[in-house]
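Subject: Model for you to look at

Hi,

Here is the model I promised to pass on. Please open it alongside this note. My findings follow below.

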Amino acid sequence: MHRLKTRPQFQAALAGATVSRTPHFALHRLGLVPPVNGAQEPAGSDPVATSEQQGSGSVPQAQHAAQALFALPGSAVQGPWLGAMVPKRWARRAVTRNAIKRQIYAAGAEFELQLPVAAHVVRLRSTFDRKQFPSATSDALKRAVRQELAQLFAYAVRQSQSKTPAKTVGEART
């Protein structure tokens, strides 16, 4: 699984749809289009102009520029991308933020083979009660985070699998 690293990558993925929500987390997804015939776009080319020529049709025209953010070198295998956003607003202590991010990446690795080729961002959207979880590294907090992340990814996988057959039929007609 590839990790999101730059601010434009996170912004592009957050601009995608919110696919799944739990009380503390939200999962955003931006679908990625594989290059036509396995060819990469030239480095100096305009991604919007190239995409207009290719006419992929599966991604809106405004999102074609975002696709270039997730291009890999020629022989690299394309797979899902994952990023974690844990704002200081919802997790004040750095040790808590880092523990939650580690849980997000570990849970994402478990679902890697089931996730579609897309850019995913897991965003913490509310705080875990410090009275209930006083220690940032407590086993209780880790279990609660892991259980909620499993629900988040499982729902997103179910949604993507239920939509896949309809796309396959539509693509067969064209």
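Start with His28, which sits in strand E3. Please keep in mind that this is a predicted model.

Is His28 buried or exposed? Its relative accessibility is 7%, so His28 counts as buried; the cut-off for buried is under 20%. Its side chain makes two polar contacts to look at. One goes to the side chain of Thr18, at 3.2 Å. Another goes to the side chain of Arg123, at 3.1 Å. In E5, Val121 is the bridge partner of His28. Setting aside neighbours within four places in sequence, His28 is in contact with a list of residues that includes Ala13, Leu14, Gly16, Ala17 and Val19. Ala119 and His120 are also among them.

E3 covers residues 25-31. Six of its seven residues are buried, so E3 is mostly covered. What does E3 pair with on each side?

- With E2, the pairing is antiparallel and runs over four bridges.
- With E5, the pairing is also antiparallel, over seven bridges.

Ser20 stands opposite Leu27 in E3. Arg21 has Ala26 of E3 as its bridge partner. When you step along the strands, remember that side chains in a regular strand alternate between the two faces of the sheet.

Now the whole sheet. It is open and has five strands, in the order E1-E4-E5-E3-E2, with mixed pairing. Strand E1 (2-3) and strand E2 (17-21) are the edges, and each pairs on one side only.

Which helix lies across E1, E3, E4 and E5? That is H4, residues 94-110. H4 runs at about 160 degrees to E4, the strand at 81-85. E5 spans 118-124.

Phe128 is in the loop between E5 and helix H5, and H5 covers 139-173. Phe128 is buried because its relative accessible area is 10%, against a cut-off of under 20%. What does Phe128 touch, not counting residues up to four places away in sequence? The residues are His24, Phe25, Trp90, Ile100, Phe133, Leu141, Val145 and Glu148. Phe128 and Thr96 are 32 residues apart in sequence, yet their C-alpha atoms are 9.8 Å apart in space.

Last, the chain as a whole:

- Five helices and five strands make up its secondary structure.
- From the N terminus, the elements run β-α-β-β-α-α-β-α-β-α.
- The chain has 174 residues, and 37% of them count as buried.
- Among contacts with a separation of 6 or more, 74% are between residues 24 or more positions apart.
- The accessible surface is about 10200 Å², with 53% of it belonging to carbon and sulfur atoms.

If you have time for two spots, take His28, with its polar contacts to Thr18 and Arg123, and then Phe128 in the loop between E5 and H5.

Best wishes

How values were computed. Residues are numbered from 1 along each chain as its sequence is written. This is a predicted model: local features need pLDDT of at least 70, side-chain atom pairs count only at pLDDT 80 or more; totals for chains, interfaces and linings use all residues. Side-chain values use heavy atoms; hydrogens and water are left out. Two strands pair if DSSP finds at least two bridges between them. Helices (H or I, at least four residues) and strands (E, at least two) are DSSP runs, numbered from the N terminus. Contact means heavy atoms within 4.5 Å. Axes are lines fitted to C-alpha atoms, for helices over the stretch in contact, and angles run from 0 to 180 degrees between N-to-C directions. Buried means under 20% relative accessible area, exposed over 50%, partly exposed in between (1.4 Å probe, protein chains only). A polar contact is a pair of N or O atoms within 3.5 Å; within protein, one must be able to donate a hydrogen and the other to accept it, and residues adjacent in sequence count only if both atoms are side-chain atoms. Accessible areas come from the Shrake-Rupley method with a 1.4 Å probe; for residues, only the protein chains shown count as cover.
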